[in-house]
Amino acid sequence: MPRFLALYMGTQNSEIQKAWDDLPEAEKHDRSQRAMTAWGEWVERHRHVIKDVGSPLGKTLLASPEGIRPTRNAIAAYVIVEAASHDEAAQMFRNHPHFTIFPGTGVEILECLPMPGM
């Protein structure tokens with residue numbers, strides 16, 4: 001079955017994040033608790049197709065012909081799932097707590113293609 005890499009997106013500069021930052025601490029705490037509960041429920045619903053539950057991601061280093069340097073991107077976390085199609089994989093993330101409760105901006109779903117010649 002095809003595998004898909006889902007990238008949880010969000011940046012500190014987004015309007016959604018700024019609105020989150022302006023919330024009172026008690027409300028942020030309550031929303032965080034609700035979001036983590038909803039996220040756990042999402043994982044349980046999809047456990048049979050989750051191949052790597054993933055994790056939050058830290059700071060980014062870019063290795064390039066110029067060397068290694070710090071860089072930024074909007075990727076906050078990842079998960080790897082299996083699905084019959086790209087659309088089926090994307091449907092798993094409809095109304096996901098990453099962006100319905102937490103201040104994430106969305107989830108990008110990419111198909112993991114086979115390596116050429118392997």
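**Reading a helix, a pocket and a residue**

The buried residues of α2 pack against β1 (3-9), α1 (15-21), β2 (50-56) and α4 (97-100). Keep in mind that this is a predicted model.

Q: How far apart should the ends of helix α2 be, and what does the model show?

A: Helix α2 covers residues 25-46, which is 22 residues. At 1.5 Å a residue, the span should be 32 Å. The end C-alpha atoms are 31 Å apart, which agrees.

Q: Which residues of α2 are buried?

A: Start with the general idea. An α-helix has 3.6 residues a turn, so residues three or four places apart point the same way. In α2, the buried residues are Lys28, Ala35, Ala38, Trp39, Trp42, Val43 and His46. Seen down the axis of α2, they fall within an arc of 145°, so they line one face of the helix.

Q: Which residues are exposed on the other side of α2?

A: Ala26, Arg34, Met36 and Glu44 are exposed there.

Q: What is the volume of the largest pocket, and which residues lie nearest its centre?

A: Rolling a probe the size of a water molecule over the atoms shows where empty space is left. Here the largest pocket has a volume of about 890 Å³. Its lining has 32 residues, and Gly10, Leu57, Ile75, Ala76 and Ala77 lie nearest the centre. By class, 16 lining residues are nonpolar, 14 polar and two charged. Each of β1, α2, β2, β4 (67-71) and β5 (75-82) supplies at least two lining residues.

Q: Is Gln17 buried or exposed?

A: Gln17 sits in helix α1. Its relative accessibility is 12%, so Gln17 counts as buried. Leaving aside residues up to four places away in sequence, Gln17 touches Thr11, Gln12 and Pro103.

Key. Residues are numbered from 1 along each chain as its sequence is written. This is a predicted model: local features need pLDDT of at least 70, side-chain atom pairs count only at pLDDT 80 or more; totals for chains, interfaces and linings use all residues. Side-chain values use heavy atoms; hydrogens and water are left out. Helices (H or I, at least four residues) and strands (E, at least two) are DSSP runs, numbered from the N terminus. The expected span of a helix is 1.5 Å times one less than its number of residues. Buried means under 20% relative accessible area, exposed over 50%, partly exposed in between (1.4 Å probe, protein chains only). The arc is that of the directions from the helix axis to the C-beta atoms. Contact means heavy atoms within 4.5 Å. On a 1 Å grid over the protein atoms alone, a cavity is a set of points where a 1.4 Å probe fits but cannot get out, and a pocket is an open set with protein on both sides within 12 Å along at least five of seven lines; lining residues have an atom within 4 Å of a point. Grid points are joined across faces, edges and corners, and a volume is the space filled by probe spheres set on the points. Ala, Val, Leu, Ile, Met, Phe, Trp, Tyr, Cys and Pro count as nonpolar, Asp, Glu, Lys and Arg as charged, and the others, Gly among them, as polar.
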